[in-house]
Each structure stands twice: as C-alpha cells, then as structure tokens.
Amino acid sequence: MAEQVLFQDASGQLVTRSTLRAALEACGAADADVLFIHSDLTFGQPNLSLGRRGIMAGVLDAVRSLGVGTLIVPTFTFSFPNGRDYDVQKSKTKMGAFNEYFRRQPEAVRSLDPMMSVAAMGEKRYLATDVGHESIGKGCTFDLLHQEARVKFLFLGVRPAMCFTYTHYIEYALHVPYRYNRAFTGKVTAADGTTREETYELFVRYAGVEPTDRDDFEQALLHTGAAKKVSCGDSFLYVVEEKASYALLVEKIRLDPLYMLAHDYPRPLDDRFEVTGEMVAL
C-alpha cells in the first residue's frame, strides 16, 4: 500500500494510509470475518490536495488492506418515516461522507430497507441483499450478523456511545417494553428500476421514552475487554466484538431494565408517533 497523507492532527503529526492501517491492526480490526463500520473521520485536518474522494479512497484502501472478508456500512435514510419513497440507487445516506462513498463503489450492494439500509462488499453480501421487512428485528442485517461467528464493529473516529445502533437489536431480542415495531408504507425502487409499494417495520420508542446520553455501556465494553480503543490523529478507533457486546448488554438490561434510558418512562405507554424535522436516529 503506497504511503499517502490523509490527515494532519493538531500537533502536526501525519495520519497516512500506513499509520491508519497500523492503528486498525492494533485494535484488532483484522481479526474478523465481517466488519461493520461506523465512521466520522475526525482524525485531523484533511489533506485538501487529495480532495474528498481521494481521502475516502485512502481510508477505504486502509480498511480493505486488512483482508477482512466482508465490510458493511450503514446507509440509513429513514425514508418512510419522513414521508419519502426509497430508491436503492439514488437515495443518499445521512450517515456520513465515507458511507456514501462506500455505497457507490461498483462492488458494493445495498439493501432494499427504506429506513435502515446497509451497503456491503465482499464474501457475505447476503447480509445486505437477503434482509426481511423489519429494520431492527427478525431477518434484519443485525439479526443475520448475530448468527455469524466472527463479527466486529469498527468505529472510525466516532465513539460507540454516539452511534452503536446494534444495541437496539439487542433491545429487540430482549423484548424491552418501551419499544415497539411500527409499520411504515411507501414505494421502494430496486436496482433494476422496478418500483413496488412496500411496508416495513421500525423498532421505535413509545412517546415519552428518552434514550440515555451517558457513556456507561461504552465504558463497560472497554472495562470488560469487549472493546478496544486505539488513538489515531486527533481521534480514536474502537473495535467492539459482536458476541461479547451482545452478552454484556443482555446482562446490563436484565439487571436494570432502564439501563438504556435517560430516565423512567410514563405509563400507560403511548404509541403516538411524530417526526419533527429529519428522523435520523432511534
């Protein structure tokens, strides 16, 4: 892999493709069959001479050089809850520039889920192509991932406390009482241009339920060894083991049913659903 400067941090240190790869190896990202990637490339000042595409290409090259069989990124749009139809080719993701770049690669495939689509490349493309009609639930990408043996989540310059969407699948598996599947209907356009009206379900919170903004689970992941953190430029890389994180959160919620919430929620439960602005989180 050719040496190429991607970022320069606040101290003047350079983040190259090689140093990024070394950090990825140090946090155990290579030791997986599937790598699910969350990203916010906060490693320093971008190398403007490369342009945005050049930086994205350099980051993707560093990740691909690890030799992991399958790479996945979230390309969520939450189209139906926001009153929009979904086009697997044209609907842009709001999950970041790297994710949008990734999904546009010729070897990437994207799921038809109009709310929480993912893009995948590599051996296990079925993790994107063979999903069901529950965005978080039976047959979703997270459900399929949980059935795989060696899955890790990579956080590129972003903390797990900010965007570990997989935790909602664990809440689903535990049948937490403060979330429920809500149906949304709209039109889905596939890669071949065919359009069909479809109904998908999203695992949403009841009215008055507020998710925690604490980093308790992130700290627990690090403390137990389920996650590893390595510095890179102005930021960090985190790698979280799927099986270990699942078991840990199951334990936490069973001990404290409100573990993932900011506070207790009102009863009786209220299923009124309202979108204010763009719905981009759960």
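Just after helix α7, His175 takes a positive phi of about 55°. His175 is not a glycine, and its place is the loop between α7 and β10. Keep in mind that this is a predicted model, where local features need pLDDT of at least 70, side-chain atom pairs count only at pLDDT 80 or more, and totals for chains, interfaces and linings use all residues. Residues are numbered from 1 along each chain as its sequence is written, and side-chain values use heavy atoms, with hydrogens and water left out. Helices (H or I, at least four residues) and strands (E, at least two) are DSSP runs, numbered from the N terminus.

- Most residues other than glycine have a negative phi, and most peptide bonds are trans.
- His175 counts as exposed at 65% relative accessibility; here buried means under 20% relative accessible area, exposed over 50%, and partly exposed in between (1.4 Å probe, protein chains only).
- Phe78 is another residue other than glycine with a positive phi, near 50°.
- You'll find Phe78 in the loop between β5 and β6, and with a relative accessible area of 3% it is buried.
- Arg267 and Pro268 are joined by a cis peptide bond, with omega at about -5°.
- Pro268 belongs to the segment after α9.

**Helix α7, tucked inside**

- Helix α7 covers residues 166-173, and six of its eight residues are buried, so the rest of the structure largely encloses it.
- The buried ones in α7 are Tyr166, Thr167, His168, Tyr169, Ile170 and Glu171.
- What do these buried residues of α7 pack against? They pack against α5 (141-146), β9 (151-156), β10, β11, α8 and α9, where contact means heavy atoms within 4.5 Å.

**How α7 meets α9**

- α7 and α9 pack at an angle of about 55°, and their axes are 10 Å apart. Axes are lines fitted to C-alpha atoms, for helices over the stretch in contact, and angles run from 0 to 180 degrees between N-to-C directions.
- α7 and α9 are therefore oblique to each other; angles under 35 degrees count as roughly parallel, over 145 as roughly antiparallel, 65 to 115 as roughly perpendicular and the rest as oblique.
- The α7 and α9 crossing is right-handed (a crossing is left-handed if the near helix is turned anticlockwise from the far one by less than a right angle, and right-handed if clockwise).
- On the α7 side, Tyr166, Thr167, Tyr169, Ile170, Glu171 and Ala173 meet Glu242, Ser245, Tyr246, Leu249, Val250 and Ile253 of α9.
- By class, this contact of α7 with α9 has eight nonpolar, two polar and two charged residues. Ala, Val, Leu, Ile, Met, Phe, Trp, Tyr, Cys and Pro count as nonpolar, Asp, Glu, Lys and Arg as charged, and the others, Gly among them, as polar.

**How α8 meets α9**

- Helix α8 (residues 216-224) packs with helix α9 (residues 242-255) at an angle of about 125°, with axes 11 Å apart.
- α8 and α9 are therefore oblique to each other too, and their crossing is right-handed.
- Phe217, Ala220, Leu221 and Thr224 of α8 make the contact with Ser245, Leu248, Leu249 and Lys252 of α9.
- The α8 with α9 contact divides into five nonpolar, two polar and one charged residues.

**Strand β3, covered on both faces**

- Six of the six residues of β3 (residues 34-39) are buried, so this strand is largely enclosed by the rest of the structure.
- One side of β3 has Val34, Phe36 and His38, the other has Leu35, Ile37 and Ser39, and all are buried.
- β3 pairs with β5 (residues 70-74) in the parallel sense over three bridges; two strands pair if DSSP finds at least two bridges between them.
- β3 also pairs with β9 in the parallel sense, over six bridges.
- Phe36 stands opposite Ile72 in β5, and His38 stands opposite Phe155 in β9.

**A three-stranded sheet**

- Three strands, in the order β6-β10-β11, form an open sheet with mixed pairing.
- Its edge strands, β6 (86-87) and β11 (195-205), each pair on one side only.
- β10 (residues 179-189) and β11 pair in the antiparallel sense over 11 bridges, with Glu201 in β11 as the bridge partner of Ala183.
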